[in-house]
Every structure is written in structure tokens, then in C-alpha cells.
Amino acid sequence: MELTTLWFVIIAVLWIGYFVLEGFDFGVGMLLPVVGRGPDAEARRRVMINTIGPVWDGNEVWLIVAGGATFAAFPEWYATLFSGFYLPLLLILLALIGRGVAFEYRGTRDDPRWRARWDAVIVAGSLLPAVLWGVAFGNIVRGVRIDAQHEYAGTFFDLLNPYALVGGLTTLALFVTHGAVFLGLKTAGDVRTAARAALRWAAPAAVVLAVVFLGWTLLRQGDAVSWATGAVAAVALLGGLAAARAGRDGWAFTGLAVAIGFAVITLFVALFPDVMPSTIDPAYSLTTTNAASTPYTLRIMSWVAVVFTPIVLIYQGWTYWVFRRRLTAGQAGSSATI
Amino acid sequence: MDPLEIARWQFGVTTVYHFLFVPITIGLSFLVAGFQTAWVRTEDEKWLRLTRLYGKLFLINFAMGVVTGIVQEFQFGMNWSSYSRFVGDIFGAPLAIEGLLAFFLESTFLGLWIFGWDRLPRRIHLATIWVAAIGTVLSAYFILAANSFMQNPVGFRFNPARGRAELTDFGAVLTSDTTLAAFFHTVSGCFLTGGGLVAGVAVWHLVRRKHTDDASIAAFRSAARAGAVTTLAAIVALFVSGDVLGKVMTTHQPMKMAAAEALYRTEAPASFSIFTIGSLDGKHEVFAIKLPHLLSFLATGTWDGRVQGINDLQAQYAAAYGPGSYMPIIPVAYWGFRAMIGAGVLAALVALWLLWATRRGRSPRSRWLLAGAVALPLLPLAANSFGWIFTEMARQPWVVNFHLRTAAGVSPGVSGGEVLTSLIAFTLLYGLLAVVEVKLLLKYAGGPLPDADPPERQRDPDAPPSLVY
């Protein structure tokens, strides 16, 4: 395999890791007011936040590494994408900042109004990126106005086209569903019941939107491989949701993870060998070759990735194993250790 | 509106802000790991209580460091896309490696540390904070390797066909004299910060005596001394590494050294300026107090070495790179350099005073030390900020020394309005968070020492867990 292709694959893997992992913690954040309500709302919310407490930060690192890897392997792609999608990325950054500190800060003062304020930040800070990442990827795959100098020549509003907006709603619905399934897996009692109840409306929305968005993508620019991966995503989504209905939480979570992963794969397969097509002139498109770093840099980075990615997966996997038990709202009173 | 100036302001604001949290994270992670190690080894509960107190401060601060760090990575592409295209082949690699090697390590093992008190065997739990601490230093190394390339570009060639710099020797980037000296110097600054914070909080409690039980006082006395010793060790390391870095800088960035000294004319031997006032156009000195020969020694290692002056360098560069100004803003460089050294030295003097006041079992009561308690955490932060403002601003007009001007690095497709929007948004959000952050730090720093009940390990995975948030 060409090194540039390998790096296209690695970046796809990093985005899969990011969406599969941060997807559920975005979902848990958005479900805070939905699942975490009733007379024991605060206890429920603490349980919800604690299910993602040990891992959300590590999940976010997948984004940082995806960004860094794009910078290292495809500097032209990084430069065009980040300067072109300026305002959406600004909103994502502001949302992630607010959300990150909100997790840490909400519990530091025993005051319902203080907590309510930070909870609102968590919800908005999860919802905004959940939508905007879908919008961004919709635009990447569909192509945007890129000129001969590889600069983005469109406006902010060009990014809000129908296809990309459906993409945004799709990631939103998928992440809410993923979060609900994750809560089903990681909690017991009332939180789990409420999370499963949320699936009744979240799951159909996710199915319809995912089918429309992936179908639209494939009809525009699909080939045999992307049709196959799209089909795997659809089957995994339906299978996962059926497992959730049957109370098989582990399989439900696996199904959603596979569905999100294959949806990302489908987008990347549809994109290849472009990394960012130009709608002005295909000759201006950024591709895995014209956007790439030198073979020397790619070779060094390949060794680093090959050696260290498995190590990261092992210790992140170990974290999930250490914190594998379910949480219930009945235990929310137990003391904080630090 | 000129996007260049606004983008520079944004980089300055977000970077200085981000770098308030980074050195606290790096310095404090090792001190907390040290306290926890002392507890595991001696079983003395005071160390566990200190681990918890400073661990809490560490976590409040860590969250801010992480979220403001994402902005740093993104804004290279957002505001400086031409820079990113020019250096991506070289600069991107350490950034990606930093994420893969360091950030995953830090975030994952901190998660294990925070939530793992009752889940992991005692020694493995202790190992998690050490691994996280090592992650913070790895991260410093790779990001400083990237920054050092901007100060002293090595291991690359310019490809005129692609109009970009291309990596030829990654080892040279990772081991350039600038990288190594900057790493040693910056990490020493982090320990100055961590030590100052630990000592400052402890001495506040010692003097105020709001929590007067003997156990608390003994614990705070130990923390005060540990922090003060760290601060003093750090200042020694800062002088040694600063001396090396000064000579490296004189070799690769003579204009920066000349600007740091406001040395207008080439001198051999050159005097070190304690205080210089220049003419309004910044081209001549009007009044100065100087120590003879000292600058020659600092810059070249010999007492009579020749140090090039600003005017000569300006003429040389204009001849080599075309007409234009190659001078940074001299007062910023000059005073930034002095403020950095001054604040660091002052912090060390306070630490020395504190060590004296706590000698042989003494527990100080002097109200004067309360001023020291405030100064100890703040002075190192000021020194860090001035140091970075100096090193980045005195490199101007270059973003990559001698190869790419800052003006040529800005995103051509991004409007002034967009950059201004993001500058305002970040400034407001950062300001708001600063208020919350300081309040929280003060609340926990000023509160009583946490209890010492040692965590019981839950071997049963279905046992009720302790919730942290």
C-alpha cells in the first residue's frame, strides 16, 4: 500500500475512534435533561456523568490526534479544512471548552442553580459538536469551493447546504442513540430504564436519518465497496437496536459502535482518493497525493503509529475494563474520593 | 481590518493563557506523585492528605489545560494556514506524536488515578499518577521540538517547486541544541511553578492557622518545605539551562540576544545592561546602567567575546533578505527578558526565606509570610509568561527564523472579521473561566486538609462504586 493511502486509512481510523468513543459521551451529555429528571434528577445526573467521567477526556484525545495526524501527513488538507471551516470549528472549540470544564466544575459547589447552569453548558457543548461534525463531514465528502491555490473560496452559509445539514442531524441522532445504549450498558435501575425509554424516539430517528444520509452519499458518489460498507453500517445499526430492545446491552453497544464506525468508513471510501474535492474544478481538488507530506515524514510517522497505536488501544481498553461495572442512582450518595 | 494583527493577538492571548495551566500541570503532577509515593512508603497519613489536597488543585487546573490546548492545535490551521502549508511536513510530526504518545497517556492514566482509588491495588494506583506525570513531560518535549524548529530551523530543505520546507532529518529536529536547551529550561520553569504553588498554599495555612490541629500543621509544614526546596532546585536548573539557552540563542538568533539587551552597537567586550532607556525611535540608547563584560560571558562564554548589535544585524539582514525592518519591538524584548528573570529570582528568594522560617521544626507565624504565600504561586506564572512573550516576540518579523515571515504565514482566505470574532469569543470565554477557575482554586486551596481515611480497595466489581463528580 502507498504510504499516502496508509495515512488516509490511519486518519479514517482516528476519526472512527473519535466518533465511536466521543459519540457516546456526547450522547450522555445531551440526554442529561431527558434521562436525568424526576425527584432524583441530581442523583441520576451524577450517575450519568460518572459513567463517562473516567473516559471522556481520553476520548477527546482521539480528536487531537486526528487533527495532529492530518497536520503531519496531509498539511494541505489540514490548512484548507481548518481555515475554510473557520466558524464551525470555532463553535466546536467553544463548545468543547465549555463542556470540558463543566464536567469538572458542576460538582464543586452544592447549589442547584450552579449545577443547572453547568448542566446547560454540558447539553449545549455536546449538542453543538454532535451536529457540526456531521455538517463538516458532509461538506468534506460532498466537496466545497476550493480554488487553484487550495484555499476555501466559499462562505459560511455555503457549508449549510441540505446534504451537509442532513449529515449533521444524522450524527446528532446517532450519538444520542449511542449515548442511550451506553447508559443502558453502564447503569442499572431508574437511569437504565429512562435511557431505554429514550431509545423509543431516538432509535427510529437515527435509523431514518442514517439511511437517508448514507443513501444520499452513495447515490452521489458510491462504488461497490462503499455500498457494501454502508450496508454493514445499516445492518449493524438495526441489529444493535434489536439487541437493545431485547435487553442485550453489550451487543447493543457493539452494534452501535460498528454502525458508527462503518458509517465513517463509508464516507472515507466515498471520498477516496480525494481528501477534499473542489466543486469549482476537479483539478483543484485536494487528494491523498497532492495534499501529502514527503515520503520521509510519512515513513517516520508510520513507524510511530504502528508501534504506539496498539499500546494506546491496550491501555485505553484496560481503563474500560477497570471501570466495567454498572452504576445506579441509589449509590450516588457515596463519597467522592478526591 | 488586518487579519494579521488580530491573528497575532489571538495567538498571544490564547497561548499565554494556555501556558498558565501547562506548567502547573507538569510541576504539580510530579509533586502530587511524590506525596503519594511518600504515603505509600511511610504510611504516614499526612502525605495522603496532601496528595488529596494538591491532587484536587491539580485536576481543576488540568481540565483547563486540556480544553485550551485543543485551541492551540486548531488555530495553526484556522489562522495560520499558509504557515501550516509551509512547515506541515516538519511541524506536524511532533504535534501528532505529542498527541499519540503523551496526551493519550496523560488523559487515560489521570482518569484511572481519579476514579481508581478504590479499584486498583495501591501500588498500581500510585503508578498511574507517575505515568500521567511522565506523559506531561513527554508532551512538553515534543511541542518544544516543534517550537524550536521555528526558532532554529534544522533538518530540512526548501522545496521551491512545492513552496514548502521538507523534513530531511527528524533526529536533527528532535535533538537540536535549541530543542534540548528549551526543553530543560521550560521544564525547570514548570517545577518552579509547581513548587511555588505547593509552598504558597502551605505557608498560607501555616500562618493563618484556621485549621490548628497538630496533624494539619505538620502536614503543611512538610508541604511548605517540599515546595520551597523544589522552587530552589528549579531556579538553579533555570540558571544553568538559561545560560546554555542564551548561548544557543546568540548563535542562531543574534538579533534576539541583541534585542534582549537593547544592544544597539556591536561590542567586544559587551556589558550586561541592568537598565537601559532608548531613544523614541528605538535606535539609540539614551541612558544605561551596565555591568562590564557580563553580556560577553553570557552570550559567548568568554569575558571579551564579541556580541553583535541591533544596528549591525539590521544592516546585515537588509542586505541578505531585502529591505525592511528585522528588529523586534525592542522594549518588549528587553523588558520581557528582565521581567522573566526578575520574577523567577524573586520567587526563589521567597522560597529561601520560607525554608529559613521553617528550619529545625519551626512553624512560622509572621504575617509578612502571607505576602510570600501570594507571591510564590504568582511570580513563577509571571516569569513563564514573560519568557514566552520574549522568546516569541523577539523572533519577529520571522515565524520560522530566516525562512518565513509571520506576515506570510497568516490564512489568506480568512477575513479580519472572522479572526476578530474568534479573538473576542476566546477572550470573553477565557476571562469568564478565569474567574471561575480562580474562585475554585482559592476555595479548595483555602479549605481544610482533606480526610485521611485510606481508600478501601473494592475487589468485587459489583460493589457500590464511589462517585467522583
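Helices (H or I, at least four residues) and strands (E, at least two) are taken as DSSP runs and numbered from the N terminus. The model is predicted: local features need pLDDT of at least 70, side-chain atom pairs count only at pLDDT 80 or more, and totals for chains, interfaces and linings use all residues. Residues are numbered from 1 along each chain as its sequence is written, and chains are lettered from A and ligands numbered from 1 in the order in which they are written.

Figure 1. B:Ala343 is buried, having 22 other C-beta atoms within 10 Å. A residue is termed buried if 20 or more other C-beta atoms lie within 10 Å of its own, exposed if 12 or fewer, and partly exposed in between, with C-beta atoms placed from the backbone. Leaving aside residues up to four places away in sequence, B:Ala343 touches B:Leu379, B:Ala382, B:Ala383 and B:Phe386; contact requires that the C-beta atoms of two residues, placed from the backbone, lie within 7 Å. B:Trp47 is 296 residues from B:Ala343 along the chain, and the C-alpha atoms of the two are separated by 30 Å.

**Figure 2. Helix H8 (residues 254-261) of chain B, largely enclosed by the rest of the structure.** Eight of the eight residues of H8(B) are buried. Among them are B:Lys256 and B:Glu261, together with B:Pro254, B:Met255 and B:Met257. Just after H8(B), B:Ala262 adopts a positive phi of about 50°.

**Figure 3. Packing of H2(B) against H13(B).** The two axes come within 10 Å and cross at roughly 170°. Axes are lines fitted to C-alpha atoms, for helices over the stretch in contact, and angles run from 0 to 180 degrees between N-to-C directions. H2(B) and H13(B) are therefore roughly antiparallel to each other; angles under 35 degrees count as roughly parallel, over 145 as roughly antiparallel, 65 to 115 as roughly perpendicular and the rest as oblique. On the H2(B) side, the residues that meet H13(B) include B:Leu57, B:Ile60 and B:Met64, and those they meet in H13(B) include B:Phe426, B:Leu433 and B:Tyr444. The residues of this contact divide into eleven nonpolar, one polar and two charged. Ala, Val, Leu, Ile, Met, Phe, Trp, Tyr, Cys and Pro count as nonpolar, Asp, Glu, Lys and Arg as charged, and the others, Gly among them, as polar.

**Figure 4. Helix pair H10 (residues 224-245) and H11 (residues 249-271) of chain A.** These helices pack at an angle of about 160°, with their axes 7 Å apart. H10(A) and H11(A) are therefore roughly antiparallel to each other. Their contact has 17 nonpolar, eight polar and no charged residues.

**Figure 5. The contact between chain A and chain B.** Chain B contributes 68 residues and chain A contributes 66 residues. Helix H2 (45-79), helix H3 (81-115), strand S2 (164-167) and helix H13 (416-446) of chain B each supply at least two residues of the side of chain B that touches chain A. The largest share of that side, 22 residues, comes from H3(B). By class, the side of chain B that touches chain A has 40 nonpolar, 17 polar and eleven charged residues.

**Figure 6. Chain B, with 13 helices and six strands.** Along its principal axes the C-alpha trace of chain B spans about 70 × 50 × 40 Å. Of the 469 residues of chain B, 55% count as buried. Among contacts in chain B between residues at least 6 apart in sequence, 77% join residues at least 24 apart.
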